Amino acid sequence: MSVRYPRPLRPGDRIGVTSPSSGVPNELRKRLDVAIHDVEDRGYEVVVGRCMDGSGHVSAPAADRARELMSMLTDPDIRAVVPPWGGETAIDLLPLLDWDRLRDAEPTWLVGFSDMSTIITPLTLLAGTATVHGNNLMDTPYRVPEGLLSWLDIAAAPRGHRFTQASPNRYRATGWDDYRAHPEVREYTLDTPGRWTRLDSERDVEVEGRLIGGCIEMLCNLTGTAYLDVSAFAQAESPEGLLVYVEAGGDDAFAICRNLHGMRLAGFFDTANAVLVARTSAPGTDSLTQHQAVLDALGPLNVPIIADVECGHVPPYLPIVNGARGRVVHTSTRSELIQTLD
């Protein structure tokens, strides 16, 4: 198996919208409409599925969500699939998806983060399909800060394309945008300066490997299952090693520490040349910060650990392509991730 890159998006292509996890409450439908119209303004046709109900924690029964996702991912007329956002229990879809069919189908871009890690990371590991860990649909209307890209930019790039994203050195530390009151908001509030932070050392870093990763709270539940065999993926696709990235969505430092220990013991980081850790607003505890939790669990790897990367729940968003070749550079004056769709 080699990494399969979906055909680049072109004007006129169809993009599917479905909710494999949580749907959209009625009071947030105006924001959904804004996001859809913005994608249409880029020249794409948007196809909205039936699994969109936001009255509960999932948009529809698992069988319906799996069926709709499979339909979109195997429809040759749909070139990308993006959810409105994540959720909580997308894990119930995994045994219902036809992985053989996904391996045989022409690859389609699947985008998202948070609970979508439960699906996009296994899709890369099991089917060899490159996926985008990045902005969900509801985030898409935001203007992209200098140095970063939108998932739409990446999905439109040809195979072999190399692109660099650099930290804008600012992030949002307080509050959030109220989509009920301001459904058309398009400007990030980046109110705090902040750079990437190497946790294990103060030395410069320049390291390469294929990229794989996702949300800690979601992926930790897949360790030891067939859906998260990172070692087999590395052996087949990147024997020189991986660049592994992780992000904490909201669990406190004790939970993140335990989860990362468990993932390490299960072999998730065995082939990592470096670990990228997203900036998080998740709480620390009286005796353990989020940075300390990461270092406690992953320090024994003896590889560079770079934290406060823009690939998590704290805006802005640095999209990462699961399966792409990556090179991370971090010095006192430069922090960037170079990705190649190869």
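Predicted model: local features only at pLDDT ≥ 70, side-chain atom pairs only at ≥ 80, totals over all residues.
**Strand pairing, aromatic contacts and a buried leucine**

Leaving aside residues up to four places away in sequence, L93 touches P20, A62, R65, A66, L69 and I119, where contact means heavy atoms within 4.5 Å. Residues are numbered from 1 along each chain as its sequence is written, and side-chain values use heavy atoms, with hydrogens and water left out.

L93 lies in the loop between β3 and α3; helices (H or I, at least four residues) and strands (E, at least two) are DSSP runs numbered from the N terminus. With a relative accessible area of 0%, L93 is buried; the term denotes under 20% relative accessible area, against over 50% for exposed and partly exposed in between, with a 1.4 Å probe and protein chains only. The C-alpha atoms of L93 and D77 are 23 Å apart in space, although 16 residues separate the two in sequence.

Strand β1 (residues 14–17) pairs in the parallel sense with β2 (residues 45–48) over four bridges, pairing being assigned if DSSP finds at least two bridges between two strands. Within this pair, V17 stands opposite V48 of β2.

Strand β10 (residues 205–215) is mostly covered, nine of its 11 residues being buried. Six bridges join β10 to β15 (residues 325–330) in an antiparallel arrangement, with V205 partnered by H330. Six bridges also join β10 to β11 (residues 242–247), and these two strands run parallel; C215 stands opposite E247 in this pair.

Five aromatic pairs were counted, a pair being rings of Phe, Tyr and Trp (its six-membered ring) with centres within 6.5 Å, classed as stacked for planes under 30 degrees apart, edge-to-face over 60 and tilted for the rest. The rings of W99 and Y227 have centres 6.0 Å apart and planes at 50°, so the pair is tilted. W99 belongs to helix α3 (residues 99–104) and Y227 to the loop between α6 (216–219) and α7 (230–237), 128 residues apart. W99 is buried at 10% relative accessibility. A tilted pair is also formed by Y188 and Y317, at 6.3 Å centre to centre and 55° between the planes. Y188 lies in the loop between β7 (170–171) and β8 (192–193) and Y317 in the loop between β13 (305–309) and β14 (320–322), so this pair ties together parts 129 residues apart in sequence. Y188 is buried at 16% relative accessible area, as is Y317 at 9%. Together with F113 and Y142, these two tyrosines form one aromatic cluster.
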